[in-house]
Amino acid sequence: LKMSWFWFYLPLRLLMAACLCHCIKDPTTSSQQSFKTDLFNFYHSLILADGKETTVHLLKDIPRRYYFVLEEGRALAPFTITVTPCDVPIEWSILVHKASASFLGKAARGDHDTQEVSKSQKASSMVSTIFNYKGNSVETYMGMSSHSALYMLEFLSTERDTHITVYLTTDTTSGHLYPELPMDPRIDVIGIGHTTVTLTWKHSPSVLQHRENIQYCLLVNEKHNYKSLCAAETAIRSSGMKLPPTLALSLSPYLLEPQQVMILSNSELSIINRVSSGEVRQICMGTKNTYTVPNLSPSTQYYFDVFVVNLLTNASAAYTGTFARTLEEPEPKVMELKDGKVIQVVLDGKKQKFYSLQYQARHKKIQFTFQLCRGQVRVHITKNGKTVASENVSGLRYFSLKGKLLDTYLVQLRSTEETNSSVKVQVSPHFHKPLFPLLPESLKIKSFSKLRTCNSVTIAWLGTQEESKYCVYKKKIEEDQVWMELRSADRCSGPESRHKSEKVLCKYFYDINLQRAVTTETIKGLDAGTLYLFDVYLFGPSGIPVRYHSKVVKTRKRC
């Protein structure tokens with residue numbers, strides 16, 4: 001079936017003829033207003049293309065009309081119309097103007113008399129609605145026409161401005177623009193774990209016929225199901241980000257926005273969109289019809305939508321979406337703390353999970369000690385279910401608590417960084433015999449720029465009122481190693497982890513007057529223009545070391 005320029009002007013000529021006749025018969029202000037309205041409505045109407053998907057933008061409460069013509073010349077001409085709402089529910093209808101082909105031709109050419117004008121008025125009133133729909137689902141109308149007719153599609157959005165796609169075809173012999181869905185388009189949930197959900201669905205007939213041009217794409221989110229890929233993309237864009245076209249989900253290496261992450265593994269393409277309402281994942285897995293979604297959060301409800309996508313036309317069809325709730329995370333194992341025993345805990349920064357320690361008091365007064373070894377750690381302490389302390393710890397931190405015999409304390413530790421953190425923990429009732437040494441006011445090492453030479457540097461650090469042992473170590477490093485050395489330093493490790501050649505000296509000192517509890521040391525035999533990393537270790541009565549913050553100093557290049 002073909003549409004020509006002859007039929008293109010037909011709606012305009014009919015409309016003008018009807019409007020002019022109406023105005024002559026009743027030349028009132030209301031009829032003039034009606035004429036203006038008809039003209040306004042016409043300029044918001046277009047001829048709908050045959051065999052092509054058309055995007056239609058709708059303004060709130062303003063109807064949009066499209067026309068198409070089915071010519072005579074063959075009995076029972078079939079046609080189909082598919083409308084896909086891309087956001088809010090819309091209203092749409094199909095109206096048909098029935099008239100004979102000979103009259104339509106004359107009306108378009110303008111060679112008609114007064115009697116024929118009267119007939120045209122009657123013909124223009126022969127309008128019937130053959131279909132109407134309200135909602136946001138993808139809807140297809142299949143019709144059959146046995147005579148020439150002018151069809152009008154009217155679309156209306158009453159909620160807000162939106163857009164839709166419309167596909168008209170009168171050629172039922174060629175392939176379908178949209179991939180076909182199976183008779184049962186449901187998605188089945190066949191497995192649920194703490195962080196995974198396994199889905200399966202029946203194959204699309206299009207996959208079986210055109211495997212190389214068709215693939216499945218899965219969309220996962222925490223908000224709701226989407227009835228079309230168009231609606232899903234609109235929702236993601238409305239969250240304030242730009243989304244690559246549907247084809248980018250399948251094959252194309254599009255540049256992504258900062259809020260997007262693309263993952264390609266095992267012939268699967270995943271795009272993770274981080275939006276205000278959570279994370280939206282899109283996974284394209286070729287023609288596999290079973291998939292296990294990984295890396296989900298425990299005890300969370302997720303919505304799953306599968307779309308079968310035609311890679312040649314970029315058109316898609318949606319399976320009936322489903323949802324599932326992941327299992328609750330099992331209670332973490334709780335380790336028992338024993339009096340005076342030191343344990344070191346490594347915390348996974350990526351999972352951001354709490355590590356739990358439990359202690360039952362055998363004394364009314366107890367003291368928790370935390371020595372941060374690496375990273376940043378959050379400490380949360382409860383006594384019989386009530387919070388008694390909660391803060392981020394750095395260096396060495398003591399918590400002295402009072403309670404009753406057999407009180408139950410729960411210590412929860414969590415890394416506050418994405419990298420792993422580690423911390424040493426001890427609980428003890430013996431305040432007078434601390435396991436860790438008495439610490440100075442600051443654990444910083446100071447260097448004196450004016451005292452630097454080509455082969456020596458002078459450093460200083462604070463001591464305490466308690467006589468303790470201090471050991472100094474040095475290490476040559478390169479410029480590009482400074483950040484990594486300072487970042488990865490394990491502040492809990494002692495000199496046993498250092499090479500013997502790095503040891504400079506060990507000394508004892510203290511001062512009753514804290515204002516004078518400071519010592520300096522000049523380290524000689526260094527290379528000119530070289531970076532050195534200096535460490536000081538403090539040993540208390542128990543022999544457990546505390547490491548000062550590392551200091552990087554460069555010797556002078558020329559003297």
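Both faces of strand β3 are covered, with Arg64, Tyr66, Phe68 and Leu70 buried on one side and Arg65, Tyr67 and Val69 buried on the other, where buried means under 20% relative accessible area, as against over 50% for exposed and in between for partly exposed, with a 1.4 Å probe and protein chains only. The structure is a predicted model, in which local features need pLDDT of at least 70 and side-chain atom pairs count only at pLDDT 80 or more, while totals for chains, interfaces and linings use all residues. Residues are numbered from 1 along each chain as its sequence is written, and side-chain values use heavy atoms, with hydrogens and water left out. Strands, like helices, are DSSP runs numbered from the N terminus (E, at least two residues, for strands; H or I, at least four, for helices), and two strands pair if DSSP finds at least two bridges between them.

**Strand β3 and its partner**

- Seven of the seven residues of β3 (residues 64-70) are buried, so this strand is largely enclosed by the rest of the structure.
- Strand β3 is joined by seven bridges to strand β8 (residues 149-156), and the two run antiparallel; within β8, phenylalanine 155 is the bridge partner of arginine 64.

**The four-stranded sheet**

- An open sheet is formed by four strands in the order β21-β28-β23-β26, with antiparallel pairing, and its edge strands, β21 (343-347) and β26 (396-402), each pair on one side only.
- Neighbouring strands of this sheet are turned by 25° against each other on average, direction ignored, where axes are lines fitted to C-alpha atoms (for helices over the stretch in contact) and angles run from 0 to 180 degrees between N-to-C directions.
- Five bridges link β21 with strand β28 (residues 421-428) in the antiparallel sense, and isoleucine 343 has valine 425 of β28 as its bridge partner.

**The five-stranded sheet**

- A further open sheet has five strands in the order β20-β22-β27-β24-β25, and its pairing is mixed.
- At the edges of this sheet stand β20 (334-336) and β25, each with a single partner strand, so one side of each is left without a neighbour in the sheet.
- Strand β24 (residues 377-383) is mostly covered, since five of its seven residues are buried.
- Seven bridges join β24 to strand β27 (residues 408-415) in an antiparallel run, and there arginine 378 has arginine 414 of β27 as its bridge partner.
- Strand β24 is also joined by seven bridges to strand β25 (residues 386-393), again antiparallel, with valine 377 standing opposite valine 393 in β25.
- The hairpin of β24 and β25 has two residues between the strands, and asparagine 384 takes a positive phi near 55° there.

**Cavities**

- The count comes to three cavities of 30 Å³ or more, a cavity being a set of points, on a 1 Å grid over the protein atoms alone, where a 1.4 Å probe fits but cannot get out.
- The largest cavity holds about 60 Å³ of space, a volume being the space filled by probe spheres set on the points, with grid points joined across faces, edges and corners.
- Its lining, made of residues with an atom within 4 Å of a point, consists of Gln371, Leu372, Gly395, Leu396, Leu443, Arg491, Val546, Arg547 and His549.
- By class, this lining has four nonpolar, three polar and two charged residues, where Ala, Val, Leu, Ile, Met, Phe, Trp, Tyr, Cys and Pro count as nonpolar, Asp, Glu, Lys and Arg as charged, and the others, Gly among them, as polar.
- Strands β23 (365-374) and β35 (545-547) each supply at least two residues of the lining of the largest cavity.
- At least three lining residues come from each of domain 3 (334-429) and domain 4 (445-554), with bounds taken from an automatic or database domain assignment.

**Buried loop residues**

- Phenylalanine 436 lies in the loop between β28 and β29 (446-447) and, at 2% relative accessibility, counts as buried.
- Phenylalanine 436 and phenylalanine 539 are 103 residues apart in sequence, and 8.3 Å apart in space from C-alpha to C-alpha.
- Leucine 177 lies in the loop between β9 (162-169) and β10 (187-192) and counts as buried at 16% relative accessibility.
- Leucine 177 and serine 316 are 139 residues apart in sequence, and 8.6 Å apart in space from C-alpha to C-alpha.

Methods:
On a 1 Å grid over the protein atoms alone, a cavity is a set of points where a 1.4 Å probe fits but cannot get out, and a pocket is an open set with protein on both sides within 12 Å along at least five of seven lines; lining residues have an atom within 4 Å of a point.
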